[in-house]
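Please keep the coordinates open while reading.

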Amino acid sequence: MIRINDILDQIHSYMPDADTSLVEKAYVYSAKVHAGQTRLSGEPYLSHPLAVAFILAQQRLDLASITAGLLHDSVEDTLATIEELEKMFGRDVARIVDGVTKISQIEFQSKIQKQAENIRKMILAMSKDIRVLLVKLADRLHNMRTLQYQKHHKRVKIARETLDIYAPLASRLGIDWMKRELEDLAFSFLYPEEYHELRQEVETRLGQRKAYVEEVKEIISKKMAEYSLSCRVLGRPKHIYSIYRKMRRQNVTIDEIYDLIAFRIILKSVTECYEALGIVHALWKPVPGRFKDYISLPKANMYQSLHTTVIGPYGERMEIQIRTEEMDKIASEGIAAHWLYKEGKVISKNQARQFDWLKRLMEWQKELEDPREFLESVRMDLFPDEVYVLTPNGEIKEFPTGATPIDFAYAIHTEVGHHCAGAKVNGKMVPLKYKLQNGDVVQIITSKHHVPSRDWLKIAKTSKARARIRQWIKTEEREKSLALGKDLCSREFKKNRLDFNEFLKAEAEEIARSLSFKTVDDMLIAAGYGKISPAQIVRKYLRTKHGEDYELHQTEVQTQTKTKKPSKEGILIHGHDDIMIHLGKCCTPVPGDEVVGYITRGRGVTIHRETCPNVSALEPDRKVEVQWTTDNDVNYPVKLNVVTADQKGMLAAVSNAISAAEANILEAKVTTNPDQSAHFTFVAEVRDGEHLKKVVSGIKKVGGVMRVARQASS
Ligand code: MN
């Protein structure tokens, strides 16, 4: 059992001149209020606050944290009150104890919905004073170390919670040693058999590899000495839970995990780190793509180090970390390393900056009344590039700042991403471009009919989501190009009074190859993309069949382009979401317009209004009949030019008229002319020609409007 003197000695080891009277007073007080209480282990209850305070002192935290550690259970489990603590130990200590008490009262295993809310509460409580979380973590660590005395069902619950919530939080704060210990403890209680078996296996293998580890360390030390670099070399085994996770994730056995041991080279300066990296890479071949420079780009929790994986002396993969002593300390202790009592010592600029950060955090806590505002500032400082949001089950997900529900959906599952139709944040519907905020509870709404669109690439922030969207578009483009290519070719064959299906059965392969395509599908896809025209395929086919001088029937092509009414056989336009069919931005066609399709080079078919001035310039060979579908609820953008008298409030009046006609305004531009008129350009979304008419007549009714016209082309 830890005694108060152990704690005081520990404090004096890093704060020789500290006045520990408050700590001693807290000890006496805690002993008094917990008198008579025992722990499940049979020990007096006081042993627990003492152990917690000792863990805090080992982290070299300040006196307020250690005092709060001694008192952390007094309000919850005894008759003591926060008011009393504040009078006796000051505001800081009382506040920390209050925060820890609140976190402890959160019932994590309650209903799923509620759990998410609880984690939000906890993030809020900890963000008011980071010391709240440090004390809570020490409390949890000691409880985990003594968990064997708990009843089975409580053991499982507490271990689960530790794995899900507290270990990730320790990791967030960069307290690596604590994260490792919490994870291994939780693992051992949740899956005792797996834990013990794996631990034994790891120990056996580490025993076998002892000579190997020594050899590698020796080689590194010698090489560094050759270049006059003095360093420490460590060979540290990975912790059991991380090995377990790796085996599960990669579905491999322990013998397939080569880097059970990570080597670490600790040097004096940053320059030496890069020098050492060069030496290591000259010694052993680096594995491409595995080098990470966290020195120039530190992690959000201030972790700094160089990471590389090399092919070691026996052809095996070896992970090597290279860092300075200072970085090594931060890597192990995280935020606590910066808490260090520095009085009377020279503080380096970097340390001063980090210390400032904590001071600022404390200042803000006093200044900012609105918890949301405060949380945001803490988040910006603590995790500058990340937002933490929750699934409805209370699972924490981490994203880069600016991430959207689409990123969230893909983080859940690729299929959820592909069919993401909408999202609810904290119970309310939000647009897909909504930027996720810290603590949001996000729920994705999926629909079988919803599929990714190219626009998603502008919204998605994570590389995972973007890669999945791109992949989907690629597959979809291929499929659609194939369908479109088939459709276009079959029309071209018909025009030449040839049987396309017969062609596919017989000569297609030969023609594809002679046009340098590997397969018939490749040729048809190219036709859909517009990389080769269907007419070229027909020409090749006829010339192969009838000789090089064969004359082609061009007449059919001409009659086709002259056709005014779209026949029922045109290619169907499903709206602007279609990957292979695009609406001309110049003339913004809407359903009901007379339109013509044009096979572009490499972007599928573009739809123009027949009146579009650009149409006459198009190659007749590439024109194709098209037809609107009626079975969709897609909106189409349309450009409107409105000329009004130059008087106040016209923009608002016209906008209102457009909205009143139930059309969405996407863009509004205004230019005032010297002739006392104002020219507006609106881009509005309409369903079809009828809807457009309604919008136009609505605008015309506005007083002061002189002219309304649909823009023919830009
Ligand atoms: Mn406790």
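The protein chain has a mean pLDDT of 81, and 83% of its residues reach 70 or more; pLDDT is the predictor's confidence in each residue, from 0 to 100. This is a predicted model, in which local features need pLDDT of at least 70, side-chain atom pairs count only at pLDDT 80 or more, and totals for chains, interfaces and linings use all residues. Residues are numbered from 1 along each chain as its sequence is written, and side-chain values use heavy atoms, with hydrogens and water left out.

Two stretches call for caution. Over residues 109–116 pLDDT stays under 50, and the model has 13 contacts for them beyond four places in sequence. A contact means heavy atoms within 4.5 Å. Residues 554–568 also have pLDDT below 50, with 21 contacts beyond near neighbours in sequence.

**Metal site.** H48 (NE2), H72 (NE2), D73 (OD) and D139 (OD) coordinate the manganese ion at 2.1 to 2.4 Å. Donors are N, O and S atoms within 2.8 Å of the metal (3.2 Å for Na, K and Ca); water is not among the atoms, so sites may look incomplete. Along the chain, the donor spacing is H-x23-H-D-x65-D. H72 is buried, at 1% relative accessible area. D73 is buried too, at 6%. Buried means under 20% relative accessible area, exposed over 50%, and partly exposed in between (1.4 Å probe, protein chains only).

**Helices.** Helices (H or I, at least four residues) and strands (E, at least two) are DSSP runs, numbered from the N terminus.

After α22 comes R497, with a positive phi near 55 degrees.

Which residues of α2 are buried? They are V23, A26, Y29, S30 and V33. These cover an arc of only 125 degrees around the axis, so they lie on the same side of α2. The arc is that of the directions from the helix axis to the C-beta atoms. The face turned away carries exposed V28 and K32. The buried residues pack against α1, α3, α4, α5 and α6.

**Cores.** A nonpolar core is a set of buried Ala, Val, Leu, Ile, Met, Phe, Trp, Tyr and Cys residues joined through side-chain atoms within 4.5 Å. The largest has 98 residues; I7, I320 and I322 touch the most other members. Helix α9 (residues 130–145) gives the largest share, nine residues. A second, separate core of 58 residues includes V538, Y541, I599 and L692.
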